[in-house]
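Let's take a walk through a protein model together. Keep the picture open while you read, and look for each spot as we come to it.

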Amino acid sequence: MKIRTIITQDAEVDDQNSLRHFLLYANEVELQGIVQTSSRFHWKGFPGAKQTRSHYRNDFDDIPNEGDFDRPYRWTGTDWMFRVIDDYEKDYANLSKHADGYPTPDYLRSITKVGNIGYRGEIEAPTEGSELIRKAILDDDERTLYLQVWGGCNTIVRALMDIEAEFKDCPQWPSMHQKITEKVVITACGEQDETYRTYLAEQWPGIQFVKTLQMGSYAYPWFLMPEGESKDTLRAAFMKREILGGKSALASGYCTWMDGKYYEGEGAPGQFGTNPNIADEWFLAGRAKPEPYDFISEGDSPTFFLMLDWGFRTLEDFSYGGIAGRYHRVPGEVNSKGEPLNLWDVSKDVYIDREGQPHLTESMWPYVADIQRDFAARVAWAAADSFEKGEHAPSLRIREGLDLTAKANQTISLHAEAASPDGAAVRTAFRVYSDASADWAADMPLAVQADEAVFTIPENAAPGDQLHIVVKAEAAGHHRLVHYQQVIVTIG
């Protein structure tokens with residue numbers, strides 16, 4: 001059964017990039033809405049509204065927002081969403097030859113709505129976007145509803161406010177409130193307006209709110225991350241060869257550093273494609289100098305990466321980690337009533353650089369090369385008019401299963417069975433995912449031979465401890481596509 005999700009975004013350049021990237025994977029999930037909202041960085045303007053200084057907590061306090069709320073601020077309009085879907089339509093026929101489940105362009109147009117866009121945190125009235133979200137929250141679908149936040153939370157908040165106003169005086173409200181709390185999961189690129197703190201945290205503290213903010217790994221300051229394969233795939237050489245080469249209409253509209261693209265409504269500091277001084281004006285000044293066509297940003301994309309089937313088990317428990325990183329529940333976070341918040345933030349993992357040196361980095365960074373090569377393969381699908389002309393990720397199965405129990409001093413063998421739908425050779429690799437495991441896992445040896453790994457649980461392992469083993473299958477081919485499996489051994 002597919003994961004269901006709704007995207008909310010504020011139209012920033014990196015949001016527009018993320019939407020283009022996401023639509024290449026639109027077959028993987030059940031997309032139920034694309035909703036434009038506002039944030040502290042972008043708004044349309046609301047007649048009569050004046051900005052007041054706010055002291056809410058957010059993740060971007062070092063970046064000031066400007067302008068009165070009654071005037072547009074860095075406003076790019078709403079037509080761009082439909083232009084992106086027009087480009088998707090050009091790629092749609094070929095994409096559909098490589099995988100089932102791509103939604104029709106007309107379906108995407110039907111679920112694309114404008115939400116609350118008046119100013120930062122605007123929740124003045126219901127909108128088409130908030131109504132779409134409200135109906136999805138209230139429907140009879142028992143699946144988790146993943147609400148992605150690429151801008152502010154305000155349109156989601158408006159939907160929940162309308163639900164509360166309609167039902168709060170009904171006898172069934174407590175049970176209904178609990179059901180919604182369990183149904184909705186918010187994956188957010190940080191807090192980009194005040195509405196999480198002023199409403200969501202106060203009225204819905206139990207809703208899981210996962211901050212996927214990994215700006216070093218997949219956003220503007222990636223230049224500052226450790227050297228290695230991940231960084232190589234963000235540089236201009238890879239981007240020009242693999243993403244921007246004209247194979248895909250979606251990718252042709254993708255923005256990179258100083259590539260000549262101009263965004264209507266953006267000021268000079270936001271014109272990353274046309275402002276020759278942008279590297280000096282932006283926060284990279286004095287630390288890095290991007291080259292034309294370098295990757296610029298998809299800061300919001302981790303919100304959907306964690307929903308794609310890479311073989312990891314992220315959605316079972318965000319602390320298990322995966323392509324989009326590993327997360328932990330933030331301790332001690334409460335609302336004004338003292339109620340604990342179900343708030344999650346990014347954990348750090350070890351990344352081994354090109355020289356073999358370890359770095360404790362954002363936990364998504366080790367996987368950026370996998371993401372980029374898979375992205376490139378999807379771009380190539382758009383130009384490949386048959387399945388045989390594309391490359392596709394391998395399958396991977398662990399013969400013993402993914403959930404094992406063991407006792408201290410017990411020896412376990414794992415066998416990987418991998419295959420490529422393209423008939424390519426596939427190699428497998430095993431590693432102990434010590435960052436997600438009990439402390440003793442970091443020192444546990446793993447004996448690997450061909451497609452088998454053997455290990456012995458140490459004698460100091462305690463009941464309830466977990467050991468995570470990550471198995472990787474990599475197909476031979478230009479894109480070296482991968483699939484993973486995550487084995488969890490629980491000590492009994």
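Rings of Phe, Tyr and Trp (for Trp, its six-membered ring) count as a pair if their centres lie within 6.5 Å; planes under 30 degrees apart are called stacked, over 60 edge-to-face, and the rest tilted. With that in hand, find Phe22, Trp150, Tyr218, Phe295, Phe304 and Phe305, which form one aromatic cluster. A word on the ground rules: this is a predicted model, where local features need pLDDT of at least 70 and side-chain atom pairs count only at pLDDT 80 or more, while totals for chains, interfaces and linings use all residues. Residues are numbered from 1 along each chain as its sequence is written, and side-chain values use heavy atoms, with hydrogens and water left out.

The structure holds 23 aromatic pairs. Let's zoom in on one of them: the ring centres of tyrosine 218 and phenylalanine 295 are 4.7 Å apart and their planes sit at 40 degrees, so this pair is tilted. Tyrosine 218 belongs to helix H8 (residues 215–218), while phenylalanine 295 is in the loop between helix H12 (278–281) and helix H13 (302–305), so the pair ties together parts that are 77 residues apart in sequence. Those labels come from DSSP runs, numbered from the N terminus: helices are H or I runs of at least four residues, and strands are E runs of at least two.

Now look for two helices, H5 (residues 154–167) and H7 (residues 195–203). Their axes come within 10 Å and cross at roughly 35 degrees. Axes are lines fitted to C-alpha atoms, for helices over the stretch in contact, with angles from 0 to 180 degrees between N-to-C directions. Where do they meet? On the H5 side, Asn154, Val157, Leu160, Met161 and Glu164 meet Thr195, Tyr199, Leu200 and Gln203 of H7; contact means heavy atoms within 4.5 Å. H7 is mostly covered, with seven of its nine residues buried. Its cover includes H5, strand E5 (184–188), strand E6 (208–211) and strand E8 (343–346).

Follow strand E5 and you'll find valine 185. With 7% relative accessibility, valine 185 counts as buried. Not counting residues up to four places away in sequence, valine 185 touches Thr144, Leu145, Tyr146, Leu147, Gln208 and Phe318. Step back to helix H6 (residues 173–183) for threonine 181, which is buried with a relative accessible area of 10%.

One last stop: arginine 74, in the loop between strand E2 (30–36) and helix H2 (80–95). Its phi is near 50 degrees, a positive value in a residue other than glycine.

Note on methods: Buried < 20%, exposed > 50% of the residue type's maximum accessible area, 1.4 Å probe, protein only.
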